[in-house]
Amino acid sequence: MFRASYMWIVLLAAIAAGVGLYVEHRRIHPPPPAGVLVAEVGDRRPELALVDLEGHPRKLAEWDGKRVLINFWATWCGPCRKEMPLLSQAQQRFASHDVQVLGIAEDAPDAVRAYLTATSVGYPILLGTEPGVFASMHFDNTRELLPYSVLIGRDGKILKRKLGPFDEAELEAWLAD
C-alpha cells in the first residue's frame, strides 16, 4: 500500500510540473491575438501597414535588396532612447554596405513627433497603424516588450531577432557582412 500511494504522489508531482512548465511557457511566449500572423526566422518578412511621420503610407518593400535592421521602439522606453545614437552611428557607418536601419515607433504619433523634434535620428522612423496591435508582434514579439530588433536579409527573409538593446559589439556583428 505504501508503494501505491508513493506512485500516486510521484505521478501527481509530474503532472503538476508539466502544468507549471506549460503555464510558464505561455507567460514567456504568449500566443499572438487572433488574426495576427507571426513570421519566424527564415520566413519572408511581413508587409506591415506603416506610415511616415507626415502620414504617408510606406512599405518595407522600399528597402528590398538591402539588409534592413528594423528597430521597434517607443518614447517611453528608456533603453530604446539610449540605443538610438548607436543605431544612428551604425546607419552612417554601414550605409555604403547596403544596410538600412529603420525605426518603427510603437507609440502615439504625437509623442513620437515631439520626441524627434528634440532628438536627432539618422535613419527613417515609421509608425505602425494597425489598431491595438504592436507592429513587432508580426515578428514574434508577442510579449510586446521593447526595444525589439529584427534583421532582414537582402532577399526579404528574416535573419535574426533580438529583445533588448544592442551594445556596440553586438550591433557591429549583426550588420557586418
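Colleague: Where in the chain does S136 lie?
Modeller: S136 sits in the loop between β5 (125–128) and β6 (148–152). Helices (H or I, at least four residues) and strands (E, at least two) are DSSP runs, numbered from the N terminus. This is a predicted model: local features need pLDDT of at least 70, side-chain atom pairs count only at pLDDT 80 or more, and totals for chains, interfaces and linings use all residues. Residues are numbered from 1 along each chain as its sequence is written, and side-chain values use heavy atoms, with hydrogens and water left out.

Colleague: Why is S136 called buried?
Modeller: Buried means under 20% relative accessible area, exposed over 50%, partly exposed in between (1.4 Å probe, protein chains only). S136 has 0% relative accessibility, so S136 counts as buried.

Colleague: Which residues is S136 in contact with, leaving aside neighbours within four places in sequence?
Modeller: They are F72, E106, N141 and Y148. Contact means heavy atoms within 4.5 Å.

Colleague: What makes A39 buried?
Modeller: Its relative accessibility is 7%, so A39 falls on the buried side of the cut-off. A39 is placed in the loop between α1 (2–28) and β1 (50–52). Apart from neighbours within four places in sequence, A39 is in contact with R44, P46, H138, F139, D140, I158 and R161. I158 is 119 residues away along the chain, and the C-alpha atoms of A39 and I158 are separated by 8.0 Å.

Colleague: How do you know that F72 and F139 form an aromatic pair?
Modeller: Rings of Phe, Tyr and Trp (its six-membered ring) pair if their centres lie within 6.5 Å; planes under 30 degrees apart count as stacked, over 60 as edge-to-face and the rest as tilted. The structure holds 4 aromatic pairs. For F72 and F139 the centres are 5.7 Å apart and the planes make 45 degrees, and the pair is tilted.

Colleague: Why does this pair tie together parts that are 67 residues apart in sequence?
Modeller: F72 lies in strand β3 (residues 67–73) and F139 in the loop between β5 and β6, so the pair bridges that separation. Both F72 and F139 are buried.

Colleague: What makes the pair of W73 and Y115 tilted?
Modeller: The planes stand at 50 degrees, with 5.8 Å centre to centre. W73 is in strand β3 and Y115 in helix α3, 42 residues apart. W73 has a relative accessible area of 0%, so W73 is buried. Y115 has 18%, so Y115 is buried too.

Colleague: Which residues do ring pairs link into a cluster?
Modeller: F72, F139 and Y148.

Colleague: How do you know that C77 and C80 form a disulfide?
Modeller: A disulfide is a pair of cysteine sulfur atoms within 2.5 Å. The sulfur atoms of C77 and C80 are 2.3 Å apart, so the pair qualifies. By this rule the count is 1 disulfide. The link of C77 and C80 is right-handed, with 75 degrees about the S-S bond.

Colleague: Are C77 and C80 buried or exposed?
Modeller: C77 is buried at 4% relative accessible area. C80 is buried at 0% relative accessibility.

Colleague: What is the strand order of the open sheet?
Modeller: The 7 strands run β2-β1-β5-β4-β3-β6-β7, with mixed pairing. β2 (57–58) and β7 (158–163) each have a single partner strand, so they stand at the edges, with one side of each lacking a neighbour in the sheet.

Colleague: What makes β3 and β6 a strand pair?
Modeller: Two strands pair if DSSP finds at least two bridges between them. β3 and β6 share 5 bridges and run antiparallel. V68 stands opposite I152 in β6. β1 and β5 pair in the antiparallel sense over 3 bridges, with G128 of β5 as the bridge partner of L50. β4 (residues 99–105) runs parallel to β5, also joined by 3 bridges. Here G103 stands opposite I125 in β5.

Colleague: Why is the crossover from β4 to β5 called right-handed?
Modeller: The term applies if, with the strands pointing away from the viewer, the path from the first strand over the helix to the second runs clockwise. The chain crosses from β4 through helix α3 (residues 109–118) to β5, and this β-α-β crossover is right-handed.
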